[in-house]
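Please look over the model below. My notes follow as numbered points.

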Amino acid sequence: MDQMQSFQMANSAIPLSLTSKFILPEDKRPQLAQISSLASVPVIDLNDNGSKNGHYLLLQKISQACEEYGFFQIINHGVPQEVCDRMMTAITDFFELPPEERAEFVTEDHTKQVKVFHYNLKVEGQEKVSMWSETFSHPWHRVEDLARLLPRNPPEYREAFGEYAKEVGTLITSLFSLISEALGLEKDFLQKRLGDPPELRTQANYYPPCPNPDLTLGLAIHTDVPALTVLQQSAGVTGLQVLKDGEWVAVDPIPNAFVINLGDQMQVLSNGRFKSVHHRAVTNKTQLRVSFAMFYAPNLDTVIGPIEDLIDEVEHPPIYRSYRYAEFLQEFFRQEGTRRMVKEVFQLPK
Ligand code: OGA
Ligand code: NI
């Protein structure tokens, strides 16, 4: 509770409170009573990969999850629990540094490599509405020379991140291999197709408890722009919600699991078969929530478009045009604050 009284955003001179700038117009509020209890995001056990039959069933589960939800949780993923815990501690400690220390990273310049920022939602006819969260983002390619860019405080951050990035990097290679196979492609197809070096970024989100979660959001509705996201969320605190058939479904935390979701680039590459799904984060009254996302995106010069083997003239005509990934990002930043219709711009006329 003290936590709630004492949190101060890095871009503010006063403790956080639920002032009008955080309050959404009525039609944009989260309607927390209307969360679907019927559906839930699939949980996939990567240990099932042992036998030939197990591998086949695993590919089927992944394929179905990617088509229906664009999201799944994985357990027995091989990343040691201590490595995950150390990362969560380090990132939480970062957000709990004195606001002056975090302030040195605050910027609205999206070209900055290492940055603390605060999401807004553009709302027609009024001021932007601030989200109830603070975000910290930095690259994770070539972790050795990256180390000096990373915060010096908390003192454990650089090491915790270095270990985490190595482990999650290995996991991502296995995931791309499974997703490639699920699409009927060679195991190394997707990672090769995305180009070298890929654009690798983290995004950590800190959601302080909120006195009235009905009035605001932690993170507005969006899809992830990159190809794949591996997200770790605070144990025991719910907040992430995914849109499924017009209803919001909570992605409740499972111990030692990662949340995996596909980004816009995978939707385009798979020619719409696999989905990059809208999601959001809601807040709650009593518990702090932290999430740590690792994004894997194409190289800026990679040309993204429907994969040749997945299209034909008759049954599977391409629904997206090809573009350089940098071009997609440019469109994304042009739409900044709305983040809703980026991939639609690259759709081919029917
Ligand atoms: C994101 C995101 C959700 C969460 O960082 O893109 O969707 O659970 N985070 O914090
Ligand atoms: Ni997201």
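1. Are Phe22 and Trp132 buried or exposed? Both are buried (under 20% relative accessible area; exposed is over 50%, partly exposed in between; 1.4 Å probe, protein chains only).

2. This is a predicted model, where local features need pLDDT of at least 70, side-chain atom pairs count only at pLDDT 80 or more, and totals for chains, interfaces and linings use all residues. Residues are numbered from 1 along each chain as its sequence is written, chains are lettered from A and ligands numbered from 1 in the order written, and side-chain values use heavy atoms, without hydrogens and water.

3. The whole structure holds 19 aromatic pairs (Phe, Tyr or six-membered Trp rings with centres within 6.5 Å; planes under 30 degrees apart are stacked, over 60 edge-to-face, the rest tilted). Phe22 and Trp132 are edge-to-face, because their ring centres are 5.0 Å apart and their planes lie at 70°. The two residues are 110 apart in the chain. Phe22 is in the loop between helix H1 (2-6) and strand E1 (43-45). Trp132 is in the loop between strand E5 (129-130) and strand E6 (134-139). Helices (H or I, at least four residues) and strands (E, at least two) are DSSP runs, numbered from the N terminus.

4. One aromatic cluster includes Phe7, Phe94, Tyr157 and Phe292.

5. The nickel ion (ligand 2) is coordinated by His222 (NE2), Asp224 (OD) and His279 (NE2), at 2.1 Å. Donors are N, O and S atoms within 2.8 Å of the metal (3.2 Å for Na, K and Ca); water is not among the atoms, so sites may look incomplete. The donor spacing is H-x1-D-x54-H. His222 counts as buried because its relative accessibility is 4%. Asp224, at 5%, is also buried.
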